[in-house]
Structures are given as structure tokens and as C-alpha cells.
Amino acid sequence: MMLVVSDTTPIISLVKIGKLDLLQKLFGRVMLPRAVYEELTINAKFEAEAVQIRECSFLLLKDIQNKESVKILRDVTGLDAGESEAIVLYDEQEADFLAIDERKGRTIASQLQIRKIGTIGILLQAYDEGLLNRDEVAGCIDRLKMLDIRISDVLYESAMEHLTKREHGGKESV
């Protein structure tokens with residue numbers, strides 16, 4: 001199984017659409033740095049999700065070893081604590097993927113040559129592996145949009161194109 005480190009938004013997004021279990025099915029376990037874990041379990045706006053997160057056996061809390069790297073990353077990039085810790089933990093754990101959705105965090109991750117996946121990518125991978133069908137993925141994406149989770153028009157169109165190509169036997173992926 002692959003080792004994945006996650007930022008906050010992919011976890012919240014998957015919880016809100018009832019698909020958190022996809023992380024375990026796809027990756028086995030997902031590491032959360034303390035700042036992300038605390039955002040998910042202490043923040044009052046995520047109260048409903050906090051119990052599910054705390055009881056989730058495949059979400060593993062992992063402390064950062066190099067706190068100075070986190071401070072430097074925050075100071076230089078302006079990323080928040082969760083994003084910064086997730087990037088540092090990805091490096092410390094030599095993870096396979098960083099699950100991250102926010103544009104600024106994804107840009108920094110790309111500059112650092114980090115392999116990343118977002119919520120839509122997770123849904124499409126679940127589709128590619130036969131865990132979700134086309135209608136389920138499209139429904140999940142539509143629910144995310146209804147929940148005011150920002151999905152760019154380009155990403156939406158790309159995802160729909162992926163589903164259509166795969167449905168017609170194509171092998172291209174997003």
C-alpha cells in the first residue's frame with residue numbers, strides 16, 4: 001500500500017460526501033501532521049466530523065520532527081500550519097503522495113516536486129480502480145460543488161472528460 005500524507009481539505013471534503021473510506025481502500029493508511037489533526041478535531045466548524053476523524057483507524061497522527069523546516073516554509077510561502085506540516089511530513093516520511101486541494105499549497109508542492117493528489121483525483125482514482133462508478137463520481141463532484149467546495153471549471157471539465165474517456169475505453173487520466 002502507498003503512504004499518503006494529507007492536508008485538511010481533502011479529509012473534510014471526503015467526510016462531507018460520505019467517502020472517507022476511499023482513502024483506506026486506495027492507500028491503506030493516511031498520515032496527518034498534528035496541525036491538520038487539530039484543525040480536523042478541535043475546530044468548532046468541523047465538530048460533526050471530529051468524532052469520525054478521531055475514531056478512524058487508518059488516519060494516523062504523526063508529529064513533525066523538523067519544526068524549523070515548518071517555520072521556514074510558513075515564513076517564506078505564507079502557507080498555513082497544516083499545509084506546511086503536511087509538506088514537511090511528506091518529505092520526512094518519504095510518502096508516495098500528498099493529498100492537498102488549496103491552489104497555493106498545490107503550487108508550492110509542485111515547485112518542491114512533491115507528488116500530489118486532490119479530492120477530485122482521489123475520486124477519479126477510485127473510479128479507475130472500480131471502487132466507484134461514473135454516476136457515483138459525478139454525484140460526489142456535484143455534492144462537493146453544492147457544499148461550496150471550490151472546484152474550478154477547468155478541473156470539473158477535466159474530471160468529466162476523464163470519466164467519459166474511461167467509459168469509452170480510453171486510458172488517459174487526470
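Modeller: A helix crossing is left-handed if the near helix is turned anticlockwise from the far one by less than a right angle, and right-handed if clockwise. What we have here is a predicted model, in which local features need pLDDT of at least 70 and side-chain atom pairs count only at pLDDT 80 or more, while totals for chains, interfaces and linings use all residues. Residues are numbered from 1 along each chain as its sequence is written, and side-chain values use heavy atoms, with hydrogens and water left out.

Colleague: So is the crossing of helix 1 and helix 3 left-handed or right-handed?

Modeller: Helix 1 passes helix 3 in a right-handed crossing (helices, H or I of at least four residues, and strands, E of at least two, are DSSP runs numbered from the N terminus). The two helices pack at an angle of about 35°, with their axes 9 Å apart; axes are lines fitted to C-alpha atoms, for helices over the stretch in contact, and angles run from 0 to 180 degrees between N-to-C directions.

Colleague: Which residues make that contact?

Modeller: Helix 1 brings Thr8, Ile11 and Ile12, and helix 3 brings Val36, Glu39 and Leu40, where contact means heavy atoms within 4.5 Å. Ile11 is also in contact with Ser6, Leu20, Leu23, Leu32, Leu40, Ile53 and Leu59, leaving aside its neighbours within four places in sequence.

Colleague: And Ser13, is that buried or exposed?

Modeller: Ser13, which lies in helix 1, is buried at a relative accessible area of 1% (buried is under 20%, exposed over 50% and partly exposed in between, with a 1.4 Å probe and protein chains only). Not counting residues up to four places away in sequence, Ser13 touches Asp101, Thr119, Leu144 and Ile149.

Colleague: Changing topic, which residues touch the most other members of the largest nonpolar core?

Modeller: In that core of 42 residues they are Ile11, Leu20, Leu23, Leu59, Ile122, Leu123 and Ile141. A nonpolar core is a set of buried Ala, Val, Leu, Ile, Met, Phe, Trp, Tyr and Cys residues joined through side-chain atoms within 4.5 Å. Several elements each supply at least two residues of this core, including helix 1, helix 3, strand 4 and helix 9, and helix 8 gives the most, with 6 residues. Apart from this core lies another, of 18 residues, with Leu3, Val88, Ile100 and Ile108 among them.

Colleague: What about helix 4, which of its residues are buried?

Modeller: Helix 4 spans residues 47–54, and its buried residues are Glu49, Ala50 and Ile53.
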